[in-house]
Amino acid sequence: MSFRFRGGKNASSGMGVADHCKDTFLELQRKKAHRYVIFKIDEKKNEVVVEKTGNPAESYDDFTSALPENDCRYAIFDFDFVTSENCQKSKIFFIAWSPATSRIRAKMLYATSKDRLRHELDGVHYEIQATDPTEMELDVLKERVY
């Protein structure tokens with residue numbers, strides 16, 4: 001069964017992406033200005049906007065605590081790690097946070113808008129879909145990079 005969304009071109013391709021989303025991502029990617037960026041859909045503006053950034057000293061726990069418990073978000077996390085050859089590396093994760101307890105409308109909006117945002121964020125290494133916190137624990141990230 002397929003669903004048709006009404007409301008013109010934007011509805012089926014998801015929300016627009018505010019310019020500052022890409023700028024903030026580039027600050028994380030190139031300048032290491034942020035540890036993470038959390039994006040949310042602003043339904044009044046019909047676009048994805050930056051909700052919060054974390055400074056480079058913040059931890060993964062700080063990042064996961066910044067995500068709402070019962071609402072969807074997109075996030076980028078810059079994961080630093082040391083390889084078995086003792087090299088310092090960094091990989092950028094895109095996390096689509098869609099908790100099982102969030103509203104169905106929110107889940108649908110975030111699902112239909114994800115590809116448009118992902119397309120704007122050039123340089124993401126890994127993507128994680130998470131419906132509960134265990135699906136994005138730090139070990140999940142470590143498994144991806146090692």
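This is a predicted model: local features need pLDDT of at least 70, side-chain atom pairs count only at pLDDT 80 or more; totals for chains, interfaces and linings use all residues.
Residues are numbered from 1 along each chain as its sequence is written, and side-chain values use heavy atoms, with hydrogens and water left out.

Six strands form an open sheet in the order 1-3-2-4-5-6, with mixed pairing, and strand 1 and strand 6 are the edge strands, each pairing on one side only. Helices and strands here are DSSP runs, helices being H or I of at least four residues and strands being E of at least two, numbered from the N terminus, and two strands pair if DSSP finds at least two bridges between them.

Strand 4, residues 73–82, and strand 5, residues 88–97, run antiparallel and are joined by ten bridges, and Val 82 stands opposite Gln 88 in strand 5. In their hairpin, which has five residues between the strands, Asn 86 has a positive phi near 65 degrees. Strand 5 then pairs with strand 6, residues 126–130, in the parallel sense over five bridges, and Phe 94 stands opposite Glu 127 in strand 6.

Now to helix 2, residues 19–31, which has 13 residues and reaches 18 Å from its first C-alpha to its last, close to the 18 Å expected at 1.5 Å a residue; the expected span is 1.5 Å times one less than the number of residues. Which residues of helix 2 are buried? They are Cys 21, Thr 24, Phe 25 and Leu 28, where buried means under 20% relative accessible area, exposed over 50%, and partly exposed in between, with a 1.4 Å probe and protein chains only. Seen down the axis of helix 2, these buried residues fall within an arc of 100 degrees, so they line one face of the helix; the arc is that of the directions from the helix axis to the C-beta atoms. The face turned away from the buried side carries the exposed residues Asp 19, Arg 30 and Lys 31. The buried residues of helix 2 pack against several elements, among them strand 2, strand 3 and helix 4, with contact meaning heavy atoms within 4.5 Å. Helix 2 is followed by Lys 32, whose phi is positive, near 55 degrees.

Two loop residues are worth a look here. Leu 121 lies in the loop between helix 4 and strand 6 and counts as buried at 1% relative accessibility. Not counting residues up to four places away in sequence, Leu 121 touches Cys 21, Lys 22, Phe 25, Phe 39, Ile 76 and Phe 94. Leu 121 and Thr 24 are 97 residues apart in sequence but 9.9 Å apart in space, C-alpha to C-alpha. Gly 14, in the loop between helix 1 and strand 1, is also buried, with a relative accessible area of 4%, and, with the same exclusion of residues up to four places away, touches Thr 112, Ser 113 and Arg 116.

Finally, the cysteines. How many disulfides does a search of the whole structure find? The search finds zero, a disulfide being a pair of cysteine sulfur atoms within 2.5 Å. For Cys 72, the nearest cysteine sulfur, that of Cys 21, is 16 Å away. Cys 72 is buried, at a relative accessible area of 0%, whereas Cys 87 is partly exposed, at 36%.
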